[in-house]
Amino acid sequence: MPQQTDNYVAHFQRIDYKDVDVLKKFLNPHGKIMPRRRTGLSAANQRALAQAVKRARFMALLPFIVR
Amino acid sequence: MAEKSQTAEVLTQANSEKRPVYEVGFHILPTVGDEGVAGVVDQIRSALGNAEIISEQVPEKKRLAYTVERSLTGKREKYDEAYFGFTKFALERESIPAFEEALRSNKNVLRFLLIETVREDISTTPRRAVFASDRLEGETIQKPKAVAEEPAGEVSEAELDKSIDALVQE
């Protein structure tokens, strides 16, 4: 599974804040970013993911919290 | 003179390739309506000045993930939807603050996000997944085809006895 998700991200080459559907796969039901042990991403991709999610939240494309 | 202008052209071309690439994503107020969106996009483009526009997305109406509030002229405004679009461009670093100021002062822009990025379009040209082994590259692993078994020939009892005897003797 971990190998798979990293390939999945490599497929997209770069994680973009506008790809909301991709980002949603890495959020838990509360809208929190999943930890690395759950996402299986490389350290660099996990950082890129966190950056992208935060940008998407600011642009109101993703929620900050889901209650 | 002509030579000079030519060299100047070459220089500007070289500069345009060196210029950093940015992407601005923005929300346009829903109150401008479908017709007004193009006008606001034109304002944003004119604020870019001599920037080289690499790609653009026409703003489309989106429901926001949360209610965005802002207070202009002492009145609080709430928005649940907006027109979201983005523009990718190359521009000198020195011109960026002026561009940001222009966007900030544009009342029809609810919110914007300016980021530095790369020239290549990343969303439309997916890179192949990289595999550790060349063997897997570009090929899906096929299930080995079942080899049709040869129908077992009829064996007479005498023959069977013979072969059993041979085994026993050994």
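**View 1. The second largest pocket has a volume of about 180 Å³.** The model is predicted. Lining this pocket are B:R70, B:L72, B:L103, B:R104, B:S105, B:N106, B:K107, B:V109, B:L110, B:R111 and B:F112. By class, five of the lining residues are nonpolar, two polar and four charged. Three elements of chain B each supply at least two lining residues: strand 2 (52-72), helix 3 (96-105) and strand 4 (109-117). Strand 4 of chain B gives the most, with four residues.

**View 2. Four strands of chain B form an open sheet.** Their order is 2-3-1-4, with antiparallel pairing. Strand 2 and strand 4 of chain B are the edge strands; each pairs on one side only. Neighbouring strands are turned by 20 degrees against each other on average, direction ignored.

**View 3. Strand 2 of chain B pairs with strand 3 (residues 75-90) of chain B.** The pairing is antiparallel and runs over 14 bridges. Strands of a sheet pair through backbone hydrogen bonds. Within this pair, B:E56 stands opposite B:T87 of strand 3.

**View 4. A:D16 sits in a loop of chain A.** The loop lies between helix 1 (2-12) and helix 2 (20-24). Is A:D16 buried or exposed? A:D16 counts as buried because its relative accessibility is 10%, and buried means under 20%. The side chain of A:D16 makes a polar contact with the side chain of A:K18, at 2.9 Å.

Technical notes
Residues numbered from 1 in each chain as written. Chains lettered and ligands numbered in written order. Predicted model: local features only at pLDDT ≥ 70, side-chain atom pairs only at ≥ 80, totals over all residues. Heavy atoms only, no water. Buried < 20%, exposed > 50% of the residue type's maximum accessible area, 1.4 Å probe, protein only. Polar contact = N/O pair within 3.5 Å; in protein donor to acceptor, adjacent residues only side chain to side chain. 1 Å grid on protein atoms, 1.4 Å probe; cavity = no way out; pocket = protein on both sides within 12 Å on 5 of 7 lines; lining within 4 Å. Points joined across faces, edges and corners; volume = space filled by probe spheres on them. Nonpolar A, V, L, I, M, F, W, Y, C, P; charged D, E, K, R; others polar. Pairing = 2+ DSSP bridges. Axes fitted to C-alpha atoms, helices over the stretch in contact; angles between N-to-C directions.
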